[in-house]
Amino acid sequence: PDVFGGTRRQIESLTAQAEYQRFQLEATYLTLTSNVVVAAVQEASLRGQIDATQDIIRDQAQSLKLVRDRFNLGGASQADVLTQEAQLAQARATLPPLQKQLAQTRNQLTALAGQLPAHELAQMFALDSMHLPLDLPVSLPSQLVEQRPDVRAAQAQLHAASAQIGVATANQL
């Protein structure tokens, strides 16, 4: 017989600890999901930056050709040609770091998907394919905060500690 409720409180404590572990697992899944989303948005952003940089390089190469043609016809100076060449070189220098960041982000996405970097994902992300929801909430309701796994895990820990107090009281009696 459980006269002082020690066994009941012990079971209550163990149940609360199991809930805590379940909420920790849920928090891990949410963290993984958010990391994948952040990496996908970063990949899309880097792809957009690379495309824009390539457009700039293409435009500056055309400008350099025009300046050289003007120089050959006597309408531009050698300084104008050198200035345009320097601008083109600067634009080309910004491309490799962006490509390296894109490769790192792709490797991160592959790792988050549980694959090795050698097994790259087929899915590619672009900014024009991403859309925000039409209706965004103005404020965060308290019900959403209560659903967070870290808040629920803290409640489960508090419940387990409270049950342990009941076990200790029953053992004392």
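This is a predicted model: local features need pLDDT of at least 70, side-chain atom pairs count only at pLDDT 80 or more; totals for chains, interfaces and linings use all residues.
Biologist: How do you know that the span of α1 agrees with its 68 residues?

Modeller: At 1.5 Å a residue, α1 should span 100 Å, and its end C-alpha atoms lie 99 Å apart, so the two values agree.

Biologist: Why are α1 and α2 called roughly antiparallel?

Modeller: Their packing angle is about 160°, with the axes 8 Å apart. The cut-off for roughly antiparallel is over 145 degrees, so α1 and α2 get that label. Their crossing is left-handed, and the contact of α1 with α2 has 20 nonpolar, 15 polar and seven charged residues.

Biologist: And what makes α1 roughly antiparallel to α4?

Modeller: Helix α1 (residues 6-73) packs against helix α4 (residues 149-172) at about 165°, with the axes 8 Å apart. Over 145 degrees counts as roughly antiparallel, and therefore α1 is roughly antiparallel to α4. Here the crossing is left-handed, and the contact of α1 with α4 splits into 12 nonpolar, 10 polar and six charged residues.

Biologist: Let's turn to side chains. What makes Arg-9 and Glu-12 a salt bridge?

Modeller: Their closest N and O atoms are 3.2 Å apart. The cut-off is within 4 Å, so the pair qualifies. Side chains of opposite charge can pair when their charged atoms come close.

Biologist: Why are Arg-9 and Glu-12 separated by about one helical turn?

Modeller: Because they sit three residues apart in helix α1.

Biologist: How many salt bridges does a search of the whole structure find?

Modeller: Eight.

Notes
Residues are numbered from 1 along each chain as its sequence is written. Side-chain values use heavy atoms; hydrogens and water are left out. Axes are lines fitted to C-alpha atoms, for helices over the stretch in contact, and angles run from 0 to 180 degrees between N-to-C directions. Helices (H or I, at least four residues) and strands (E, at least two) are DSSP runs, numbered from the N terminus. Angles under 35 degrees count as roughly parallel, over 145 as roughly antiparallel, 65 to 115 as roughly perpendicular and the rest as oblique. A crossing is left-handed if the near helix is turned anticlockwise from the far one by less than a right angle, and right-handed if clockwise. Ala, Val, Leu, Ile, Met, Phe, Trp, Tyr, Cys and Pro count as nonpolar, Asp, Glu, Lys and Arg as charged, and the others, Gly among them, as polar. The expected span of a helix is 1.5 Å times one less than its number of residues. A salt bridge is a side-chain nitrogen of Lys or Arg within 4 Å of a carboxyl oxygen of Asp or Glu.
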